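Reader: I have a model open and would like to go through some of its contacts. Please take them one at a time.

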Amino acid sequence: MSSRHGRARRNSDCTAGGPRPVVRAPHRPQPSEGADQAFVMGVLTNAADLARARAWGISDAPDFERYLADTGELLADALERFETVRARMFHPQDFEEFCLLNGLDPAQPAARDRYLVNPALQTQLLAYQGEELAGDFVPRLVRARENGLTLCHVDLLLDGGLDSGADGGADEQDEEHAAWVRAAHQRGGEVFRRMLVGAGAGVYELRLRVDAPGGKLAAAARVLQWEDGVVRINDEDLELVCAVLCAGLALELPGVAVLHGSQGSAASCGEYLPASWAWSSGGQDWAPSDRPVRLDGVAAQPGYSLGTVC
């Protein structure tokens, strides 16, 4: 999945307005009864989780490779029958805790259905468009769960303002709070945009960390930027980066960011140069770090001034 640099839509088709979505997991998909219905499926992402979930009758596949093949067939079938197909990581511990809190029997299919469409976890959903599960899609499901947990943390810090502030859904009495969050989100998006514009064409990874109450907020995103300025980035990674930047600026939290990778493009005769820049924030703004930085094992020198980037 890719998008031009911009705000990703947060609400999933599975939990937004309209009839309750059709949920099937994990058996043969049924035809949808309307274009606004969706197929939602939980996907186990490793052999250990498959072994742990066998007690609930989720799959009788002999091994994880066969499980992925069977799951891929179900998703491919769903693409032919449903307007929207989405998947999320089926995390056994999350599922057990969900069943315990809601008094559900984890061996019952109804428990899995409720877990999959739980509104609090909608940020973990990814659109499925026919990708090979064993390729990049399964790791993206794992990252989407981690991203979703961080987004929940951010939303708690912003007193529920991340959702209402980004989507304009606040009540009238909360409009001032929502406007405050929207302004911080726009500032965060602009910080990220200036980092990328200053870097120019290339293949990069951004690593971001903000020190927050309750634990550090972390985000990472792989970015491909073309000569004409078009940016390719997974929507869920873009959303997380902007949310973490938003929280840092809104609450004036200290943070550090590193953008590293290969600078250059095929248009420049295929010449690529290693690049690594670092910025820090005292809470109110982002500026080049005052010293070399090492973040998650990546070393970087102080970056360029974002104020000089148009």
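Reader: Which residue forms a salt bridge with Glu-205?

Author: This is a predicted model, in which local features need pLDDT of at least 70, side-chain atom pairs count only at pLDDT 80 or more, and totals for chains, interfaces and linings use all residues. Residues are numbered from 1 along each chain as its sequence is written, and side-chain values use heavy atoms, with hydrogens and water left out. A salt bridge is a side-chain nitrogen of Lys or Arg within 4 Å of a carboxyl oxygen of Asp or Glu. The closest N and O atoms are 3.4 Å apart in the pair that Glu-205 forms with Arg-207.

Reader: Is Glu-205 buried or exposed?

Author: Buried means under 20% relative accessible area, exposed means over 50%, and partly exposed lies in between (1.4 Å probe, protein chains only). With a relative accessible area of 18%, Glu-205 is buried.

Reader: How far apart along helix 2 are Arg-81 and Asp-77?

Author: Helices are DSSP runs (H or I, at least four residues), numbered from the N terminus. The side chains of Arg-81 and Asp-77 meet in a salt bridge, 2.8 Å from N to O. Arg-81 is partly exposed at 35% relative accessible area, whereas Asp-77 is buried at 12%. Both lie in helix 2 (residues 64-81), where about one helical turn separates them because they are apart by 4 residues.

Reader: In which helix do Arg-193 and Glu-190 lie?

Author: Arg-193 and Glu-190 form a salt bridge, with 2.8 Å between the closest N and O atoms. Arg-193 is partly exposed at 26% relative accessibility, and Glu-190 is partly exposed at 30%. They are 3 residues apart, about one turn, in helix 7 (residues 175-199).

Reader: How is helix 3 placed relative to helix 4, parallel or perpendicular?

Author: Axes are lines fitted to C-alpha atoms, for helices over the stretch in contact, and angles run from 0 to 180 degrees between N-to-C directions. The axes of helix 3 (residues 92-102) and helix 4 (residues 109-116) come within 10 Å and cross at roughly 105 degrees. Angles of 65 to 115 degrees count as roughly perpendicular, under 35 as roughly parallel, over 145 as roughly antiparallel and the rest as oblique. Therefore helix 3 is, relative to helix 4, roughly perpendicular.

Reader: Which residues of helix 4 meet helix 3?

Author: Contact means heavy atoms within 4.5 Å. From helix 3, Asp-94, Phe-95, Phe-98, Cys-99 and Asn-102 meet, in helix 4, Ala-111, Arg-112, Arg-114 and Tyr-115.

How values were computed
Helices (H or I, at least four residues) and strands (E, at least two) are DSSP runs, numbered from the N terminus.
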